[in-house]
Amino acid sequence: MKERNISKILLPALLWAQLSVLILLMGILCRKTEKYRKLKADWQRLRIQNEYLKERSNELDRQQRRLLRLRHEMTNEYILEMGYLEKGMYRQLNEHYREKAGYFDAQSKQSLVDTGNVGMDAILSRKLKEADLEGIQIDFEHQVDRRIRIEDGDLNTLIGNLMNNAMEAVRALELEKRKIMLRIRADETTFFLEISNPYKGSRNKNGKDVYLTQKSDRRFHGLGLLQVKRIVNKYGGKVLISDKDNCFDVKALLYM
């Protein structure tokens, strides 16, 4: 009888101890998983930046080779142009200049983004290249006066998610309508980003005024704007989203 009473006391205590150990192990596993996720994100970001720096170095080498070649060609160019002028061949001279201007325009389009901030330049260059491969036109302008005091990981999340959302939307459009407008302004205290794109169909919201993804797997998609809002809130900023006439526009202001 005494042994039964002891068993009744020890069994719940043993079960509670096992449950406590299980909860502790689950907590440790969750922390390990989150740490692994962050390390994986950091590794991905550093890989993109490394690819950017490597391509940037290669581009500088190409530009230097072009400049060296142009320097050797300048004498012949001047001789040809003087010949056109002396003979009054202005039409040929005009065509010659147009051809050369087109050459330099073509070269400039191949340049990578260079704002002076490696973290932002890397993700921007990658997304612009992806868009170009898909025939998506990017109207991109930037004015960065100061060093951007925003963590590279946050810049990657902010720009990457917004560009991914915009590119996903315009993929459903005809090729000639695949256009995205991107503006970035930064001074010593603020960082401003605006991105807008047309889209096809309609955008739905849930009860919490959150836009729903167009993708079939809603468990793992549709979190882009939530991530953007998280980053904006982290820097005490504001985000304004408008959706009119099948044009989606996001403005994000962060304080540095």
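## Conventions

A crossing of two helices is left-handed if the near helix is turned anticlockwise from the far one by less than a right angle, and right-handed if clockwise. Helices (H or I, at least four residues) and strands (E, at least two) are DSSP runs, numbered from the N terminus.

The model is predicted: local features need pLDDT of at least 70, side-chain atom pairs count only at pLDDT 80 or more, and totals for chains, interfaces and linings use all residues. Residues are numbered from 1 along each chain as its sequence is written, and side-chain values use heavy atoms, with hydrogens and water left out.

## Overall make-up

The protein chain holds 5 helices and 5 strands. Read from the N terminus, the order of elements is α-α-α-β-α-β-β-α-β-β. Of the 256 residues, 30% are buried. Buried means under 20% relative accessible area; exposed means over 50%, with partly exposed in between (1.4 Å probe, protein chains only).

Contact means heavy atoms within 4.5 Å. Among contacts with a separation of 6 or more, 66% join residues 24 or more positions apart.

## The sheet

The 5 strands form an open sheet. Its order is β1-β2-β3-β5-β4, and the pairing is mixed. Two strands pair if DSSP finds at least two bridges between them. β1 and β4 (238–244) stand at the edges with a single partner strand each, so one side of each is left without a neighbour in the sheet. From one strand to the next, the twist averages 5°. Angles run from 0 to 180 degrees between N-to-C directions, and axes are lines fitted to C-alpha atoms, for helices over the stretch in contact.

Strand β1 (residues 137–144) pairs with strand β2 (residues 179–186) in the parallel sense, over 8 bridges. Valine 144 stands opposite alanine 186 in β2. Between β1 and β2 the chain passes through helix α4 (residues 152–170), and this β-α-β crossover is left-handed. The hand is judged with the strands pointing away from the viewer: a path from the first strand over the helix to the second that runs clockwise is right-handed.

## The antiparallel pairs

β3 and β5 pair in the antiparallel sense over 9 bridges. β4 and strand β5 (residues 247–255) also pair in the antiparallel sense, over 7 bridges. In β5, phenylalanine 248 is the bridge partner of asparagine 197 and of aspartate 243. Leucine 253 in β5 is the bridge partner of lysine 238.

β4 and β5 form a hairpin with 2 residues between them. Aspartate 245, in the turn, has a positive phi of about 50°.

## Helix α3

Helix α3 spans residues 118–133. The expected span of a helix is 1.5 Å times one less than its number of residues. For the 16 residues of α3 that gives 22 Å, and the end C-alpha atoms are 22 Å apart, which agrees. Its buried residues are Gly119, Met120, Asp121, Ala122, Ile123, Leu124, Ser125, Lys127 and Ala131. Glycine 135 follows α3, with a positive phi near 75°.

Aspartate 121 lies in α3. Its relative accessibility is 1%, so aspartate 121 counts as buried. Beyond its neighbours within four places in sequence, aspartate 121 is in contact with Tyr52, Val113, Asp114, Thr115 and Gly116.

## Helix α4 and its partner α5

Helix α4 has 19 residues, of which 15 are buried. From first C-alpha to last, α4 reaches 27 Å, close to the 27 Å expected at 1.5 Å a residue. α4 and helix α5 (residues 224–234) pack at an angle of about 145°, with their axes 9 Å apart. The crossing of α4 past α5 is left-handed. On the α4 side, the residues that meet α5 are Asp154, Thr157, Leu158, Asn161, Leu162 and Asn165. Their partners in α5 include Leu225, Val228, Ile231 and Val232.

Valine 170 also belongs to α4. Its relative accessible area is 0%, so valine 170 is buried. Valine 170 and asparagine 197 are 27 residues apart in sequence, yet 7.0 Å apart in space, C-alpha to C-alpha. Leaving aside neighbours within four places in sequence, valine 170 is in contact with Ile136, Arg178, Lys179, Ile180, Asn197 and Pro198.
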